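Dear colleague,

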Amino acid sequence: MPPAKKPAPAAKKTAAPAKGAAKTAAPTTRKADAPPGKAAAPAKKAAVPAKKAAPAKAVPQATITLKHIAAELAEGHDLSKKAAEAVLDAFVAVVARQLAKGDKIRLSGLGILQVRDRPARTARNPATGESVAVAASRKIAFRPAKELKEAV
């Protein structure tokens with residue numbers, strides 16, 4: 001008489017199922033159930049809901065200033081760094097002056113800068129729920145050019 005077979009040990013739990021998840025038993029297969037000469041198929045595990053991956057630390061972006069841009073322009077156009085900085089400073093001054101007048105500035109390949117009027121409105125303080133009056137203001141809007149969108 002052959003010795004009696006012992007029952008298979010119960011599978012260990014690795015993670016608790018999420019709230020509301022249906023509890024289903026994972027089917028198990030043993031070598032004894034498989035036909036001779038064939039390996040048993042691996043047991044299927046119950047689907048565990050995927051956890052959201054922690055956001056990867058973003059690589060800090062380099063901040064490019066007008067001095068950096070001026071240095072790069074000076075290198076490529078046989079200018080001194082001071083001359084390139086002077087040109088860029090004058091450019092910024094012209095742009096600010098034109099925007100203050102209310103003009104629209106179109107820089108081909110870059111985009112459009114324009115001033116938009118924001119009407120007065122009432123807002124709500126999220127901490128207290130109190131209504132707050134916000135005065136009318138003007139803001140600078142930038143609409144990127146198609147070439148810039150495609151380049152980025």
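The accessible surface of the chain comes to about 14000 Å², and carbon and sulfur atoms account for 60% of that area. Please keep in mind as you read that this is a predicted model. Of the 152 residues in the chain, 10% are buried.

Among the contacts in the chain with a separation of 6 or more, 30% are between residues 24 or more positions apart.

The structure holds one salt bridge, in which the side chains of Arg 138 and Asp 117 meet at 3.5 Å, N to O. This pair links distant parts of the chain, since Arg 138 belongs to strand β5 (residues 137–144) and Asp 117 to strand β2 (residues 111–118), 21 residues apart. Asp 117 has a relative accessible area of 62%, and it therefore counts as exposed, because the cut-off for that word is over 50%.

There is also a positive surface patch, formed by Lys 104, Arg 106, Arg 116, Arg 118, Arg 121, Lys 139, Arg 143 and Lys 149, and the elements that give two or more residues to this patch are β2 and β5. One of its members, Arg 116, lies in strand β2 and counts as partly exposed, because its relative accessibility is 35%.

Definitions and conventions
Residues numbered from 1 in each chain as written. Predicted model: local features only at pLDDT ≥ 70, side-chain atom pairs only at ≥ 80, totals over all residues. Heavy atoms only, no water. Salt bridge = Lys/Arg side-chain N within 4 Å of Asp/Glu carboxyl O. Helix = DSSP H or I, 4+ residues; strand = E, 2+ residues; numbered from the N terminus. Buried < 20%, exposed > 50% of the residue type's maximum accessible area, 1.4 Å probe, protein only. Contact = heavy atoms within 4.5 Å. Areas by Shrake-Rupley, 256 points an atom, 1.4 Å probe, with all protein chains shown as cover. Patch = residues over 30% accessible without salt bridge, like charges linked within 9 Å, V, L, I, M, F, W, Y side chains within 5 Å. Lys, Arg positive; Asp, Glu negative; His and termini not counted. Charge placed at Lys NZ, Arg CZ, Asp CG, Glu CD.
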